[in-house]
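Happy to walk through this one with you. Let's take the labels one at a time and ask what stands behind each.

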Amino acid sequence: QVHLVESGGRLVQAGGSLRLSCAASGRTFNGYAMGWFRQAPGKEREFVAAISWSGDGIYYADSVKGRFTISRDNVKSMLYLEMNSLKPEDTAVYYCAAEFRIRTDMDVAGRTAREYDYWGQGTQVTVSQ
């Protein structure tokens, strides 16, 4: 079992920046690819970014590429999402998720919600005009 807790979401003006954090506890953080997803009201949950447990495999949704940066600290069991140049359409609840990966897949991370095994409760990000 992996327990995930997100933090850092808040109201921010368009063009601003935020850093989301996700603290993991329970089973070892190594061995899990990590991802960020988001869900806006009335919309399905969508992929934002993912990072393999080695840190070498990093993936972004086209909508956030060049503006968001995902990173992880395996010593501290932390996942981060640095968000810059925020837009109103980035408004959503942001979730972190953990996906178990075997050692041979240490450089791979999933990009669909169904690939992930554990989820946090989410943190609200609101970007105003």
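**Charges, rings and a disulfide**

In this predicted model, the charged end of Arg19 sits over the ring of Tyr80, 4.0 Å from its centre.

Q: What makes Arg45 another residue to look at over a ring, and which ring is it?
A: Arg45 lies over the face of Tyr95, with 3.8 Å to the ring centre. The distance part of the test asks for CZ of Arg within 6 Å of the ring centre, and 3.8 Å meets it.

Q: How do you know that Cys22 and Cys96 form a disulfide?
A: The S to S distance is 1.9 Å. The cut-off is 2.5 Å, so the pair qualifies. The structure holds one disulfide. Cys22 belongs to strand S3 (residues 18-26) and Cys96 to strand S9 (residues 92-100), so distant parts of the chain, 74 residues apart, are linked. Both Cys22 and Cys96 are buried.

Q: Why is the pair of Tyr32 and Phe100 called edge-to-face?
A: Their ring centres are 5.7 Å apart, and a pair needs centres within 6.5 Å. Tyr32 is in strand S4 (residues 32-39) and Phe100 in strand S9, so the pair ties together parts 68 residues apart in sequence.

Q: What makes Phe37 and Tyr116 an edge-to-face pair?
A: The centres of these rings are 5.2 Å apart and the planes are at 75°, so the pair is edge-to-face. Phe37 lies in strand S4 and Tyr116 in the loop between S9 and S10, so parts 79 residues apart in sequence are tied together. Phe37, at 1% relative accessible area, is buried, and Tyr116 is buried at 6%. Ring pairs also link Phe37, Phe47, Tyr116 and Trp119 into a cluster.

Q: Why is Tyr118 called buried?
A: Its relative accessible area is 19%, and the limit is under 20%, so Tyr118 is buried. Tyr118 lies in strand S10 (residues 118-119).

Q: Which residues does Tyr118 contact, leaving aside its neighbours within four places in sequence?
A: They are Gln1, Val2, Leu4, Tyr32, Cys96, Ala97 and Ala98.

Methods:
Residues numbered from 1 in each chain as written. Predicted model: local features only at pLDDT ≥ 70, side-chain atom pairs only at ≥ 80, totals over all residues. Heavy atoms only, no water. Helix = DSSP H or I, 4+ residues; strand = E, 2+ residues; numbered from the N terminus. Buried < 20%, exposed > 50% of the residue type's maximum accessible area, 1.4 Å probe, protein only. Contact = heavy atoms within 4.5 Å. Phe/Tyr/Trp six-rings, centres within 6.5 Å; stacked < 30°, edge-to-face > 60°. Lys NZ or Arg CZ within 6 Å of the ring centre and 35° of its normal.
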